[in-house]
Amino acid sequence: RRVVLVSSGAVRAGVQALGWRQRPRAVGLKQAAAAVGQGRLMAHYQEAFGARDRIVGQVLLTRQLAQDRATYVNAQTTLTTLLRHKVVPVVNENDTVAIEELQFGDNDTLAALVASLVSADLLVLLTDVEGLWDAERRIIPYVGQITDELRALAGGAGKHGSGGMATKLAAAEIAGAAGVTTVIARGHRVGVLREVVEAAESGSHSVGTTFAPRERKLQGRKHWLAYGARPNGSITVNACARRVLIQDHRSLLPTGIIGVQGPFSPGETVRVLDETGMEFARGQVTCDWRDVDRLRGLHTADISEVLGHNRVEEIVHRDNLVILAE
């Protein structure tokens with residue numbers, strides 16, 4: 001089996017090495033701890049995997065990587081090449097240079113994006129509980145669809161990391177959209193990985209909580225638009241435009257736009273909201289937020305007159321639009 005390991009622990013390893021009593025809150029101190037801890041973390045993995053004659057390779061990613069499609073695809077090439085040469089990639093966020101409080105912002109999200117990148121069969125999220133609990137604190141063995149009710153059951157962050165059950169549900173959604181099954185299980189359980197893999201291959205749900213993938217998965221570029229690229233700003237559309245985008249798979253035109261919140265620039269990803277404020281789509285815009293605001297409510301024939309050029313025909317082309325909720 002080919003395995004990619006997404007690991008936390010660089011900051012904590014650095015904190016221990018530096019003799020600090022607690023994990024720092026200041027970004028500079030976290031990055032310093034990560035710089036010290038990253039090498040120590042990899043040394044442990046090299047020793048552990050080396051005992052089984054397996055080679056590991058470190059892959060450090062940043063959220064900025066996901067913003068650029070070409071760089072995103074390059075990371076995919078790197079990971080698949082390592083796997084083809086029987087190397088176990090050990091992936092972590094590059095905490096020494098990451099901005100926005102070191103955040104992807106958690107290893108659950110990072111793991112889900114990596115699982116999507118390599119078209120994994122299975123994503124396993126190991127935590128300090130047996131799985132997702134119901135209201136009576138009983139393990140839910142199988143989840144066919146993540147609902148608002150399930151999200152309400154999610155708690156806060158774990159003991160040592162930044163991700164709690166809420167981030168794991170979000171990760172299951174990201175992976176599920178790419179057609180990847182997700183299992184949440186207790187990491188301290190002896191033999192847990194073997195149990196999870198064998199259960200998944202046999203079709204049972206005997207370990208942790210299994211999340212089924214979406215029936216209609218998002219392909220590479222659409223998945224990147226939905227979950228890889230971080231949105232900047234939003235566009236609100238009326239009910240007619242929402243229906244046309246979802247049912248007829250059309251491009252977003254100015255006539256259906258009723259609100260714009262920037263800033264955003266041409267080529268950036270924005271959230272598309274309905275009249276209630278709910279996000280139902282994301283897409284790459286063809287012009288900046290000021291031009292979108294000038295064009296909102298107008299017909300396509302009026303675009304060139306308002307902007308003074310004919311380089312814009314639609315606000316978001318259908319090929320650059322992904323529907324998140326129908």
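Student: What is the relative accessible area of Leu18?

Tutor: This is a predicted model, in which local features need pLDDT of at least 70 and side-chain atom pairs count only at pLDDT 80 or more, whereas totals for chains, interfaces and linings use all residues. Residues are numbered from 1 along each chain as its sequence is written, and side-chain values use heavy atoms, with hydrogens and water left out. Leu18 has a relative accessible area of 37% and is partly exposed (buried is under 20%, exposed over 50%, partly exposed in between; 1.4 Å probe, protein chains only). Leu18 belongs to helix H1, residues 10–18 (helices are DSSP runs of H or I, at least four residues; strands are runs of E, at least two; both are numbered from the N terminus).

Student: Where are the buried residues of H10 when the helix is seen down its axis?

Tutor: An α-helix has 3.6 residues a turn, so residues three or four places apart point the same way. In H10, residues 239–247, Ala241, Arg242, Leu245 and Ile246 are buried; they fall within an arc of 125 degrees, so they line one face of the helix (the arc is taken from the directions from the helix axis to the C-beta atoms). Their cover includes the strands S8 (234–237), S10 (269–273), S11 (279–284) and S12 (321–323), contact being heavy atoms within 4.5 Å. After H10 comes His249, with a positive phi near 55 degrees.

Student: Which residues does His309 touch?

Tutor: His309, in the loop between helix H12 (303–307) and S12, touches Ile303 and Ser304, if residues up to four places away in sequence are not counted. The His309 side chain also reaches the backbone nitrogen of Arg311 at 3.2 Å.

Definitions and conventions
A polar contact is a pair of N or O atoms within 3.5 Å; within protein, one must be able to donate a hydrogen and the other to accept it, and residues adjacent in sequence count only if both atoms are side-chain atoms.
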